Amino acid sequence: MKRLIALACLALAPAPALADEVVDTLNSAIAAYEAGDVKYALEELAYARQKMQAVAA
């Protein structure tokens, strides 16, 4: 029973994986900006913002 509860808690807590995706996207935005691709950097920032808003909801 305790194992089932632990598995349920892990299944209901996807935030760390999502946080890694946000960090990866922000790093991609920085790399794009540094490479001079401002349009792609803005797209990546918008995507990261969308993901963060999903976590906050």
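## Terms for the surface

Patches are made of residues with over 30% relative accessible area and no salt bridge, where like charges are joined within 9 Å and nonpolar side chains (Val, Leu, Ile, Met, Phe, Trp, Tyr) within 5 Å. A salt bridge is a side-chain nitrogen of Lys or Arg within 4 Å of a carboxyl oxygen of Asp or Glu, and accessible areas come from the Shrake-Rupley method with a 1.4 Å probe, with only the protein chains shown counting as cover for residues.

This is a predicted model, in which local features need pLDDT of at least 70 and side-chain atom pairs count only at pLDDT 80 or more, while totals for chains, interfaces and linings use all residues. Residues are numbered from 1 along each chain as its sequence is written, and side-chain values use heavy atoms, leaving out hydrogens and water.

## The chain as a whole

The protein chain has three helices and zero strands, where helices (H or I, at least four residues) and strands (E, at least two) are DSSP runs, numbered from the N terminus. Of the 57 residues in the chain, 14% are buried; buried means under 20% relative accessible area, exposed over 50%, and partly exposed in between, with a 1.4 Å probe and protein chains only.

## A nonpolar patch

On the surface, Tyr 33, Val 38, Leu 42 and Leu 45 form a nonpolar patch that has about 410 Å² of accessible area together. Helix 3 gives the most to this patch, with three residues, whereas Tyr 33 has its place in helix 2, which covers residues 15–34. Tyr 33 counts as exposed because its relative accessible area is 57%.

## Around Glu 44

Glu 44 lies in helix 3, which covers residues 38–56. Glu 44 is buried yet has no salt bridge, and the nearest side chain of opposite charge, that of Lys 51, is 11 Å away; here Lys and Arg count as positive and Asp and Glu as negative, while His and the chain ends are not counted.

What does the side chain of Glu 44 make with the side chain of Ser 28? The two side chains make a polar contact at 2.8 Å, a term for a pair of N or O atoms within 3.5 Å, of which, within protein, one must be able to donate a hydrogen and the other to accept it, and residues adjacent in sequence count only if both atoms are side-chain atoms.

Not counting residues up to four places away in sequence, Glu 44 touches Thr 25, Ser 28 and Ala 29, where contact means heavy atoms within 4.5 Å. Thr 25, found in helix 2, is buried because its relative accessible area is 7%.
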